[in-house]
Amino acid sequence: MDEVRRVISSAIAVGAPRYNAGDIRGCCRIYWTTMYTLVVAPAFRGFPGYEHAMGPMQSVIERAAPTIALDTQSIDDYAWALRQAFDAALQTPG
């Protein structure tokens, strides 16, 4: 779990300043790529608390991709959904 926390914290350290600077799409790309990698990476499976940590992230990643480009508000909403899933994973004991 410590390694997962380090990866998430690194993504937030890069993505949050982008978001704050107005690059919400860039923030989403960083968050989504990191989250996707954590969810599908076999190297991180099997530790105590894995299911609890990955559950919120998996539900965000498994959402169907939109068929049209997202508007600014939708991108902002998705960025926050990704961040909230990260925050939930960071709260996982272990």
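Helix 1 and helix 2 are roughly antiparallel to each other, a label for angles over 145 degrees. This is a predicted model, in which local features need pLDDT of at least 70, side-chain atom pairs count only at pLDDT 80 or more, and totals for chains, interfaces and linings use all residues. Residues are numbered from 1 along each chain as its sequence is written, and side-chain values use heavy atoms, without hydrogens and water.

Two packed helices are described by the angle between their axes and the distance between the axes. Here the axes of helix 1 (residues 2-20) and helix 2 come within 7 Å and cross at roughly 170°. Axes are lines fitted to C-alpha atoms, for helices over the stretch in contact, and angles run from 0 to 180 degrees between N-to-C directions. Helix 1 brings residues including Val-7, Ala-11 and Tyr-19 to the contact. Helix 2 brings residues including Ile-30, Thr-34 and Leu-38. Contact means heavy atoms within 4.5 Å.

Now look at Thr-34. It lies in helix 2. Thr-34 is buried because its relative accessible area is 16%; buried means under 20%, exposed over 50%, and partly exposed in between (1.4 Å probe, protein chains only). Leaving aside neighbours within four places in sequence, Thr-34 touches Val-7, Ala-11 and Phe-86.

Trp-32 also sits in helix 2 (residues 24-40). Trp-32 counts as partly exposed because its relative accessibility is 33%.

Finally, take the whole protein. It has four helices and zero strands. Helices are DSSP runs of H or I with at least four residues, strands runs of E with at least two, numbered from the N terminus. Of its 94 residues, 39% count as buried.

Definitions and conventions
Angles under 35 degrees count as roughly parallel, over 145 as roughly antiparallel, 65 to 115 as roughly perpendicular and the rest as oblique.
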